[in-house]
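The following paragraphs lead through the annotated positions of this entry and then turn to its surface. Please keep the sequence and the structure in view while reading.

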Amino acid sequence: MLRPYWRHMTTHGIGSVAIRRAVTTEAPTMSEPPKDAFEREFLEQRIEITGFQKLLLGAGSSLAAILDPRRHDMIACLGETTGEDALWDILKTVQQSEEGQRIMAEKPRINTSTIDFKCLEALPENTFGATYAKFLKDNQVTPDSRMPVRFLDDPKLAYLMTRYRECHDLVHTVLDMPTNMLGEVAVKWVEALNTGLPMCYGGAVFGAVRLRPKQRREYIKRYLPWAIDNGKRMKPLLPVYWEERWEQNVDELRSELGIKLLK
């Protein structure tokens, strides 16, 4: 039932990394045309950089993101220049399930041109789709604000990073966490433990430093233990085909994924 509904609504070292790259996937060569719309878009936007340039970008974007967490461009750059090892591991995890394999084959996107949000709003209140639409409206956020991936070499890793970014608000929704600083730091801890992305660990640690005294007490007492517990117990989130779960009861989805809401 869910899959037709979605169709209706959408038009640790260098050596180990090299081995995973050789076994799992290869970037298209000049003689091999892009395989799908995502690859074509990615290759048009991609910026080729050397290993040394990647180190410089990683260091610079890290410093910029610490000084100004509102620099989403620097946070995005940091994620791409430091996250390749984790992305190879994520790819392996995603490919281990039938649901994840379909995600990688179909490469769904989450934005206002692919999702009919009016249909989501019309769903029963207790469904995941209606809960997501309400989350966006209540927090005044849009799924169209994610930066494109530019500094990764492999299209499959680029898609996974894109998928991570576009699913961030879905993770907020299923965790029932707002987009204020306290909520963002908590979600970053969950994402860090669930994905292993260095950027998420950085956001969790340095974001907590910026909390006000009252928020910090609440964070240490309630939010941090809850986030760590969930991050360790939850099933991997990137293999979840969220778009096929719109009609699913949101509490059943949380139970399936091993999520406990903050009390």
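**Annotated positions and a surface patch**

His168 is found in helix H11, which spans residues 168–175; helices here are DSSP runs of H or I with at least four residues, strands are runs of E with at least two, and both are numbered from the N terminus. The model is predicted, so local features need pLDDT of at least 70 and side-chain atom pairs count only at pLDDT 80 or more, while totals for chains, interfaces and linings use all residues. Residues are numbered from 1 along each chain as its sequence is written, and side-chain values use heavy atoms, with hydrogens and water left out.

In UniProt, an unreviewed entry carries the annotation "binding site" for His168, Asp169, His172 and Glu184; positions follow the numbering used here, feature names are shortened, and annotations may be inferred rather than shown by experiment. These residues are spread over 17 residues of sequence, yet they cluster in space, with a largest C-alpha distance of 10.2 Å.

His168 counts as buried because its relative accessibility is 7%; buried means under 20% relative accessible area, exposed over 50%, and partly exposed in between, with a 1.4 Å probe and protein chains only. Beyond its neighbours within four places in sequence, His168 is in contact (heavy atoms within 4.5 Å) with Arg146, Glu184, Val187, Lys188 and Glu191.

His172 also lies in helix H11 and, at 0% relative accessibility, counts as buried. Not counting residues up to four places away in sequence, His172 touches Phe135, Met177, Pro178, Thr179, Gly183, Glu184 and Val187.

Turning to another helix, Leu56 lies in helix H4, residues 51–67.
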